Amino acid sequence: MTNVPQRFAPIQRLLHWLMAICIIAMLFIGIGMVSTVAQKYLPLILIHKTLGVALLVLVLVRLALRLHFGAPPLPADLPATMKLGARLSHLLLYGFMIVMPLLGLGMLWAAAYPVVLYSGIRIPALLPQSDHAHTLLWDVHVYLGLALFALVLLHLAAALFHALVRRDGVFATISPLPERQRMKPTE
Amino acid sequence: MNQPGRVERSSLGWLVLIAAVVGGSAAAFAYTAGWLTPGRLTPDRMIAALTPPSGPPLGHRRNHAKGICFTGMFEANGNGVELSRAKVFVQGRYPVLGRFNLGTADPNAVDATVRVRGMGLQISAADGEEWRMAMINPPFFAVSTPEAFHGLLVAAGKKDREAMKTFISANPEFAAFAAWAKTAPWTGSYAEEAYNSLSSFVFTNAKGDEHAVRWSLVPTAEPVSIAHAELEKRGPDFLEQEITTRVKSAPQRWTMVTTVAEPGDPTADPSRAWPQNRRKVQVGTLVVQRIEPERDGPCRDINFDPTVLPQGVRVSDDPFPAARSSVYRKSYDLRAAEASDYPRTEVTKP
Ligand code: HEM
Ligand code: HEM
Ligand code: HEM
């Protein structure tokens, strides 16, 4: 590679933060809607389905951008295990972002529910009703949802650790703010 | 200035901050999940209140557990178009799938012991758009709010007779329902019952005009009232046997009648009937052509969630449809997961 980027491209940074907000919202809406019988249940599940499908589209765009632009290198002095941890956790985050919406859709299809999004957009079913498939997809959506929340917390802690404690410029690579001199990554 | 990549002593404060951010987020999540507020009425608590002391009806619906499937047609006469742009109101024939059922959590209940009879119904438009509903035969609901319904289930499940008295004094609307249950005539057939939406919904027509409505499926068969003692002498499944033979000999019909609210009518409270003189529009006829047992029938896998609505129909300020949607979803999740406890085809052990 001749031209290694110093930061994620602006469009990548924009997508990272947009999706971060939306995914955190999805987690809270998901866990909140399944524990209420109040009238807000209906708007919550409508948002959950609509935003979830939108995120599936966004993650595909994001992956394409990632392949096109690549990512800035991690600091040279970062221990190898931490580098590996960072890579693995990012890979996992991408995996969750793809799999969670697919599980959500599959779960509804396998229960013979029509999938109707905001403003009446209907998504045709790609799976027939199946008790077995529904149960499997439901369980996995629930447990991976909880696992994703745990991973997001870990990712958040790591990001803050880089930004506040190590101050090694990793946060600046994805920071939504314009670059500042002292946050520049170390070569 | 800090050396990049080195953890300074002064960073202890930051570490505490990070821990606080992570801990605070986890606490917010737990709060949203209701883990910190055991008093919140959740679908799980509603299901627990529905569960009989003998345990849950594994593989079956958590309420209205006993039922039988039907299929047929909805014949729209076109009158509904004035009220709602729902496609199934355009004159024509639309396939339906439904379920006659009893308001009990016991799938093996003796038919004569169950006061409330219900119908689950799904009408499909030509393009596949679905409308699902679940209706019952009383003319109004037992209570005003989902919370009161939970209270009723809990009180009715208690051995102590004071519990019901306390419940009724706190929920006086229940008296009208109790009177209905005591005095309303019984019939010997699912085909002789009227099934009422009770909850109000909002119809929107092509011009964008909105009307709060309720609807009923009124039988064309003449209801014949039968002494309850007489019904008790019939077999435990007489309703299912009767509807099966009845439909085999001739399709059974119901007229779908929409009642339009006037300003000020109590749309948010299904325990309060609207005045008799409200405008009524006959929008079509339900024709039930075929009966099939639930075990392998097409209604088994459907959740007749009353919030599965077509364009042109939406929920009103009535709190029940949302509560029911949330609880029915959970009931479906459970019964689908327990499907092996209710195997699809009767397997005879050697
Ligand atoms: C749901 C929430 C989030 C998801 C799914 C997510 C996902 C990701 C992914 C997949 C990457 C790797 C980018 C790549 O190498 O292509 C990344 C990088 C990063 N994220 Fe997040 N993120 C989330 C929230 C956050 C939050 C809340 C913060 C900070 C407070 C944050 C800070 C960072 C940082 C600093 C990087 C750069 C790491 C590097 O340079 O390799 N993220 N994020
Ligand atoms: C980024 C994507 C998504 C995330 C992070 C997410 C997260 C969650 C979470 C945390 C729950 C609560 C699980 C529980 O504790 O019971 C949930 C439930 C649910 N989600 Fe999602 N979800 C996503 C996408 C979707 C999509 C695209 C759909 C459908 C189109 C969907 C449909 C549902 C449904 C129906 C439930 C309720 C499940 C049940 O209990 O029956 N989700 N989701
Ligand atoms: C908050 C109040 C209510 C609760 C908690 C409740 C609970 C339930 C549950 C758990 C089921 C089984 C769902 C399934 O597994 O598919 C069910 C079915 C049913 N409910 Fe309700 N219900 C409530 C109010 C009502 C009202 C107001 C009506 C009628 C206007 C009604 C009519 C029915 C009918 C007809 C069925 C059977 C549908 C079928 O054939 O699948 N319920 N109810």
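Helix H3 of chain A supplies the largest share of the shell around ligand 2, namely 6 residues. The structure is a predicted model, in which local features require pLDDT of at least 70 and side-chain atom pairs count only at pLDDT 80 or more, while totals for chains, interfaces and linings use all residues. Residues are numbered from 1 along each chain as its sequence is written, chains are lettered from A and ligands numbered from 1 in the order in which they are written, and side-chain values use heavy atoms, with hydrogens and water left out.

Ligand 2 is located between chains A and B. It is surrounded by 22 residues, a residue being near if one of its heavy atoms lies within 4 Å. The closest are A:His48, A:Trp138, A:His141, B:Arg329 and B:Asp333. By class, 14 residues of this shell are nonpolar, 5 polar and 3 charged; Ala, Val, Leu, Ile, Met, Phe, Trp, Tyr, Cys and Pro count as nonpolar, Asp, Glu, Lys and Arg as charged, and the others, Gly among them, as polar.

Polar contacts (pairs of N or O atoms within 3.5 Å) to ligand 2 come from both chains. In chain A, a polar side-chain atom of A:Trp138 lies 3.0 Å from a ligand 2 oxygen atom, and one of A:His141 lies 2.7 Å from a ligand 2 nitrogen atom. In chain B, a side-chain N or O atom of B:Asp333 is 2.6 Å from an oxygen atom of ligand 2. Two or more shell residues are given by each of helices H1 (10-33), H2 (41-69), H3 (80-110) and H4 (131-166) of chain A and by H8 of chain B, helices being DSSP runs (H or I, at least four residues) numbered from the N terminus.

Helix H8 of chain B (residues 320-337) also holds B:Tyr328.

Definitions and conventions
A polar contact is a pair of N or O atoms within 3.5 Å; within protein, one must be able to donate a hydrogen and the other to accept it, and residues adjacent in sequence count only if both atoms are side-chain atoms.
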